[in-house]
Amino acid sequence: MTRDKTFTLVKSYKPFHSKYDPCPPIGRKYYRTPPNLFMNFQPPNLEQFTPEEALKYGTLWKIFYDYYDNPYRERET
């Protein structure tokens, strides 16, 4: 069985909502998985940010940087 989905670090799920629940349904919930979760080991000689950039991006290694985009924010089209 092959899956034709593209790989993404953003995952989502839809919480269960009973027909007897008095509250309105929540809708889709999103969460991110960090890039280092999918690496078996850290290869040697990875490209690094400068110390100033590392403080800005929150990681020393460029391969582990993941830009956060809020999935709940209203998009302007």
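**Aromatic pairs and a surface patch**

Val 10 sits in strand β1, which covers residues 10-13; strands here are DSSP runs of E with at least two residues, helices are runs of H or I with at least four, and both are numbered from the N terminus. The model is a predicted one, where local features need pLDDT of at least 70 and side-chain atom pairs count only at pLDDT 80 or more, while totals for chains, interfaces and linings use all residues. Residue numbers start from 1 along each chain as its sequence is written, and side-chain values rest on heavy atoms, with hydrogens and water left out.

As for the overall layout, the chain has one helix and two strands, and reading along the sequence gives the pattern β-β-α. Of its 77 residues, 10% are buried (under 20% relative accessible area; exposed is over 50%, and partly exposed lies in between, with a 1.4 Å probe and protein chains only).

Together with Tyr 30 and Tyr 72, Val 10 makes up a nonpolar surface patch with about 260 Å² of accessible area.

Then there are the rings. A pair of aromatic rings is described by the distance of the centres and the angle of the planes. The structure holds five aromatic pairs (Phe, Tyr or Trp rings, the six-membered one for Trp, with centres within 6.5 Å; planes under 30 degrees apart are stacked, over 60 edge-to-face, the rest tilted). One of them joins Tyr 13 and Tyr 31, with centres 6.3 Å apart and planes at 55 degrees, so the pair is tilted. This pair links distant parts of the chain, with Tyr 13 in strand β1 and Tyr 31 in strand β2 (residues 29-32), 18 residues apart. Tyr 13 is partly exposed at 42%, and Tyr 31 is partly exposed at 41%.

Phe 49 and Tyr 65 also pair up: their ring centres are 6.3 Å apart and the planes stand at 90 degrees, so the pair is edge-to-face. Here Phe 49 belongs to the loop between β2 and α1 (51-57), and Tyr 65 to the segment after α1, 16 residues apart. Phe 49 is buried at 11% relative accessible area, whereas Tyr 65 is partly exposed at 31%. With Tyr 57, these two residues form one aromatic cluster.

How values were computed. Patch = residues over 30% accessible without salt bridge, like charges linked within 9 Å, V, L, I, M, F, W, Y side chains within 5 Å. Areas by Shrake-Rupley, 256 points an atom, 1.4 Å probe, with all protein chains shown as cover. Salt bridge = Lys/Arg side-chain N within 4 Å of Asp/Glu carboxyl O.
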